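Work through the exercises below with the structure open beside you, and try each task before reading its solution.

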Amino acid sequence: MTAPAPRIRVQRRPVHGVLLIDKPLGLSSNQALQKAKWLLRAEKAGHTGTLDPLATGVLPLCFGAATKFSQLQLDAPKTYHAVARLGVTTSTGDAEGDVLAERPVPADALSPERLAAVQRQFTGPMAQVPPMHSALKKDGRALYEYARAGIEVERAPRNVEIFELNLAPAQDTSAHPAINIVVKCSKGTYIRTLGEDIGAALGCGAHLTFLRRIETGGLGLADCVTLEALEAMDEDARLACLAPAELLLAGQPRIELDAYEAGRFLSGLRRRGAWPDAPEVAVFGQAPAALLGAGHVVAGELIPDRLLSPIEIEQILKSTPSAANAGILETT
């Protein structure tokens with residue numbers, strides 16, 4: 001027998017920043033994360049919200065210090081483009097499931113008036129029951145595990161919100177009636193369930209045949225890189241694709257601290273200043289403009305929430321050739 005080839009051991013290293021991936025079809029979010037983590041040889045990484053293997057599109061990956069702010073992207077509104085085939089319902093709400101029922105599509109289902117009425121019906125706050133084929137957990141097991149075993153479990157409705165919804169006849173080359181769905185929604189919204197509910201409201205049922213996340217928290221497809229392109233790059237080019245961790249704090253009020261105040265803030269101490277109240281602020285040192293962490297302000301008091309460690313700040317500064325450490329790490 002031929003001996004198996006020895007496994008290549010990757011030498012991990014500290015990597016800090018945000019990588020915007022255009023997740024390909026067929027990979028789970030975690031598989032995409034592990035691939036990018038291996039390519040960057042990163043020590044620590046996490047993603048900012050699960051995309052189904054069926055779905056493609058924007059998936060921000062956080063490395064090192066950026067993982068401390070990933071919750072902000074988890075909580076951010078997201079925009080999807082989906083295509084739903086009308087007249088057929090499936091066990092999973094998408095094209096991979098078994099067909100449950102086929103029904104004729106009403107003649108007026110794709111009329112502008114009918115689609116406009118359904119748009120209004122599904123815009124705004126609503127309660128949505130999570131699908132059985134989802135990663136949501138019940139008693140420590142993912143719902144899809146129960147579904148694969150043929151077990152239906154009770155799921156509590158979740159409050160979600162549809163901020164914007166646009167429905168139009170799909171430009172589909174097949175003979176099957178379908179609709180384009182472009183939706184901006186709150187976190188926790190299941191687009192497969194939305195597609196099924198829209199199909200039910202049109203009187204014929206539906207299932208998704210296409211799903212693509214086109215934006216999350218202000219981050220869009222134009223800024224994304226594919227895993228295939230990343231793999232073709234050399235190591236320096238891969239690192240150049242990383243955005244700084246403060247990308248996740250874009251839109252938050254910015255507070256800058258001098259070396260003395262920065263040292264105190266990094267020690268977890270509250271600081272006082274003439275700052276307006278704010279539920280979330282990004283905090284930087286002044287020289288250089290190094291991200292220190294995030295906090296909130298109440299009655300002129302800056303309260304730390306998530307802090308970078310001095311080691312993380314030093315590593316980020318060393319990886320930025322134009323930056324020079326002006327002493328904020330030595331202040332105690």
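A polar contact is a pair of N or O atoms within 3.5 Å; within protein, one of them must be able to donate a hydrogen and the other to accept it, and residues adjacent in sequence count only if both atoms are side-chain atoms. This is a predicted model, in which local features need pLDDT of at least 70 and side-chain atom pairs count only at pLDDT 80 or more, while totals for chains, interfaces and linings use all residues. Residues are numbered from 1 along each chain as its sequence is written, and side-chain values use heavy atoms, with hydrogens and water left out.

**Exercise 1.** Find which backbone oxygen the side chain of T189 reaches, and describe the surroundings of T189.

*Solution.* Begin with the position: T189 is found in the loop between β11 (178–185) and α5 (191–201), where helices (H or I, at least four residues) and strands (E, at least two) are DSSP runs numbered from the N terminus. Then list the contacts (heavy atoms within 4.5 Å): leaving aside residues up to four places away in sequence, T189 touches Q128, V160, E161 and I162. Finally, T189 is buried, with a relative accessible area of 10%, since buried means under 20% relative accessible area, exposed over 50%, and partly exposed in between (1.4 Å probe, protein chains only).

**Exercise 2.** Locate the residue that UniProt marks as "active site", and decide whether D52 is buried, partly exposed or exposed.

*Solution.* The unreviewed UniProt entry places this feature at D52; such positions are given in the numbering used here, feature names are shortened, and annotations may be inferred rather than shown by experiment. In the model, D52 is found in the loop between β2 (45–47) and β3 (56–63). With a relative accessible area of 30%, D52 counts as partly exposed.

**Exercise 3.** Determine how many salt bridges a search of the whole structure finds, and examine the pair D75 and K187.

*Solution.* A salt bridge is a side-chain nitrogen of Lys or Arg within 4 Å of a carboxyl oxygen of Asp or Glu, and the search finds 15 of them. In one of these, the closest N and O atoms of D75 and K187 are 2.9 Å apart. Because D75 lies in the loop between α2 (70–74) and β4 (78–86) and K187 in the loop between β11 and α5, the pair ties together parts that are 112 residues apart in sequence. Both partners are partly exposed, D75 at 38% and K187 at 44%.

**Exercise 4.** Examine two further salt bridges, R271 with E261 and K318 with E314.

*Solution.* The side chains of R271 and E261 meet at 2.6 Å, N to O. This pair links distant parts of the chain, with R271 in strand β15 (residues 271–272) and E261 in helix α8 (residues 259–266), 10 residues apart. R271 is buried at 14%, whereas E261 is partly exposed at 22%. For K318 and E314, the closest N and O atoms are 3.8 Å apart. These two residues are separated by about one helical turn, because they are 4 residues apart in helix α9 (residues 310–318). K318 is exposed at 66%, while E314 is partly exposed at 34%.
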